[in-house]
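Let's take a walk through a protein structure together.

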Amino acid sequence: MFFLKYILRNLFRHRLRSILTVVGVAVAVLAFGLLRTLVGLWYSGAEHASATRLITRNAISLIFPLPVSYLERIRAVPGVTEVSYGNWFGGIYIDEKHFFANHAVEPKSYLDLYPEFVLSPKEKNDFLLDRKSCIVGARLAKTYGWKIGDLINLKGTIFPGQWEFVLRGIYHGAERSTEERVLLFHWDYLNESVRKTTPLRADQVGFYIIGVKSPDKTSEVALTVDSLFKNSLAETLTETEKAFHLSFVSMTEAIMVAIQVVSYMVIAIIMVVAANTMAMTARERIGEYATLKTLGFKSGHLAFLVFGESIALSLLGGILGAVLTFPASRWIEVELAQYFPYFSVSKETLALEVLSALLVGVVSGIFPTWRGATIRIADGLRRIG
Amino acid sequence: MELESSHPPIVSIRNLSKSYRRGNQVIPVLSGISFDIARGEFLALMGPSGSGKSTLLNLIAGIDSADQGTIEIGGVEISRLSENELAHWRALSVGFIFQFYNLIPVLTAFENVELPLLLTPLKRAERREHVVAALSVVGLSDRMDHYPGQLSGGQQQRVAIARAIVTDPDILVADEPTGDLDRASAEEILLLMDRLVHSSNKTIIMVTHDPRAAEKAHLIRHLEKGELSET
C-alpha cells in the first residue's frame, strides 16, 4: 500500500514532464490503434466476404470481359443456387474527388445473392421495374443528400457518355460492416446503350457472382465452372469472394506493410522517449534510493518502486490513448466518411493498445530499475546536497 | 588505540583498512584502525576533508564494506553479513542522520518517520504509536502532516532524527548533522542529540567539521590521512 502511494506521488512530482510523457504515450498508442484499424479495414472486405459466393472473371485479367452467354452453363453446374453478373462501370459523379463504386448488375439475382443489402419491398420492386433506375447505399445517399426520385448523373469512363439514373431505392447494410457506399443499376440498361454505340462490346460482362449451396461445395463448383470454359476464347478464373477481395488487397500489400511498420515505429519511438524520462527520473532520485537502502530497504523494494512508476506512467498514457480512440474513430467515420465509411476499432486493437503501452512501460523501466536497484549506497548518498 | 571505559563497548573495531581504486591507482583511505566505542557514548569524528571520517562512519553503519579488519556492533560482526542481512540489521540497529536530512519530499513528516517501521512486522496502529512518540521526542507532533518542503531546515533535521530513533536503535550515526543549518538550529539539534544520549542511552557517532558541534560530544577522535591520530 505504501509503495503504491509512493509511486502515485512520484508519478506527478515533475508534473509537466509526467503530463508530457503521458500525453506522448497516449498519442503514440492512439496513432498505433488508428493505423492498425486502417490496416484491418483494408482486409475487412475479405473478412466479411460470404463463404457461399464465388466470383468468376476472365482468367487473363479482370479488365477482360466474359460473354454473357456463359450464364446458363454456369447456372446448370450442380451445387449452384443462383448466378448474377455485372460490370464495373467506373462512372464519375461531379469529378474524380467524389469517388464511389458503381456497378451495372442483373438486379434481381444480385439482390438475391446479397441479402445484406436491405431494401424495403416497395423500393426493391420499383428498382426492378424501372430499367433506368438505380439504388444506392444509405451512407452514399446521406453524403450527397439524395432522395428517392432524384436524378443522378454519372460521367462514363469505361463506357463513355453521360448516364442518368433515377434513384428508386436506398439500401441499408444488414451489418455495420456492410458496404453502404455503392451505386447499382441495371446491366440491361448499360448493354442496350453499348449495343448502340459500340456493338463489339455488347453482351459482355465483367464478372459473374455464383451462389453455392454450402461452403464445402465452393472448390468443387469453382473447378467445374472453370473446366467448362477451358480452351475457350475467354477462359475463366473462379474463386471465393474472399480470395477475390484479397487479390485486390494484395495490390496494395506494400502500402499496408509500410503502415504496419509505421505503427510499430511509433511505439518504438515513444519507448525511447519514455525510457529517457524514466532514466532522467531515476538519475534525479538516486540519492533517495540510496537513503531508502540505508534505512534497510532492499534492491527488490527499489526495483518495484522504479519499475512500478514506469509501468504506471505508460499505462496511464495507454489507457488515455485507448479511450481517445473512440472519439477519434468516430470523428474519422463522420468527417472522412468518403474514405472511411466504417471505421470501428476492434476489441483486439484496444487490447493491443493497452499491451503496447505496457510494453513501453516494461522496456523503458528496465535500465532505470537496474540502476536504482544496484546503486551503491555510499555513491548514491554522495549525490545529495 | 582502545577506549578505556567502565561500560562494555558497543562498537569494537579491529585493524580496519579501506582503499579505493581509481583506474590502476589504489588510494588508501583508512589503514589499520582499531578502537572501541562504549554504549551511551557521544563520539565526534573530526578531520580534514579526505581524511576518511565519512568512510569510517559508513563502515560502522554497514553501508560500505571494509577491505580488511572487523567491525563488531552489539555482538554482531557486521563485516560477515550478506547484503540482505546487512539491510535487515541496519533497519533495526542503526539510526541515520544526514547533513541534508535526506527526507523523501513526496512523503509527509509522519510518512518519512514511518519509513523504517515498514520493514518491521508492526501493525499500522502500532506504527502510528511509534511515529507519534518519535515526533513528540523531537517536538514536532504538530507538524506530522507537513511535507519536508513546508518545514525549515532545523525542523527537517528533527524529522530526520525522529526517523532515526523510531525503531529504537542502539546506535545513531550522524554525518555533519549541523552542516546545513544556521547556528540556532544547529544548537537545537545538538541539544536534542545530547538529550538522546543522556535520557535514552543512545550511542551517537558524529562526523563533523564544526568544532562547536564537536564540543557537545563526550569524546573527539581525529582522523588524519586514514589514521586515528588523537583521542
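Leaving aside its neighbours within four places in sequence, which residues is A:Ala279 in contact with? They are A:Phe367 and A:Pro368, where contact means that the C-beta atoms of two residues, placed from the backbone, lie within 7 Å. Before going on, please note that this is a predicted model, in which local features need pLDDT of at least 70, side-chain atom pairs count only at pLDDT 80 or more, and totals for chains, interfaces and linings use all residues. Residues are numbered from 1 along each chain as its sequence is written, while chains are lettered from A and ligands numbered from 1 in the order in which they are written.

You will find A:Ala279 in helix α10 (residues 253–284) of chain A; helices (H or I, at least four residues) and strands (E, at least two) are DSSP runs, numbered from the N terminus. A:Ala279 has 16 other C-beta atoms within 10 Å, so this residue is partly exposed. For that label, a residue is buried if 20 or more other C-beta atoms lie within 10 Å of its own, exposed if 12 or fewer, and partly exposed in between, with C-beta atoms placed from the backbone. The C-alpha atoms of A:Ala279 and A:Val306 are separated by 9.7 Å, and these residues are 27 apart along the chain.

Now step back to the whole of chain A. It is divided into domain 1 (2–45 + 253–382) and domain 2 (60–234), with bounds that come from an automatic or database domain assignment. The C-alpha centres of domain 1 and domain 2 of chain A lie 49 Å apart. Six residues of domain 1 of chain A are in contact with six residues of domain 2 of chain A.

Next, turn to chain B and its sheet. Here an open sheet of four strands has the order β2-β1-β4-β5, with antiparallel pairing; two strands pair if DSSP finds at least two bridges between them. Strands of a sheet pair through backbone hydrogen bonds, either parallel or antiparallel. The edge strands are β2 and β5 (76–77) of chain B, each pairing on one side only. Between β1 (residues 9–22) and β2 (residues 25–38) of chain B there are 10 bridges, and B:Ser19 has B:Pro28 as its bridge partner in β2(B). These two strands, β1(B) and β2(B), form a hairpin with two residues between them, and B:Gly23 in the turn has a positive phi of about 65°. On to β4 (residues 68–73) of chain B: five bridges link it with β1(B). B:Glu72 in β4(B) stands opposite B:Ser12, and B:Glu72 also stands opposite B:Glu77 in β5(B).

Where do the buried residues of a helix sit? In helix α2 (residues 83–93) of chain B, B:Leu86, B:Ala87, B:Arg90 and B:Ala91 are buried. They cover an arc of only 135° around the axis, which puts them on the same side of α2(B); the arc is that of the directions from the helix axis to the C-beta atoms. An α-helix has 3.6 residues a turn, so residues three or four places apart point the same way. What covers the buried residues of α2(B) includes α11 (286–294) of chain A, together with α1 (53–61) and β6 (94–97) of chain B.
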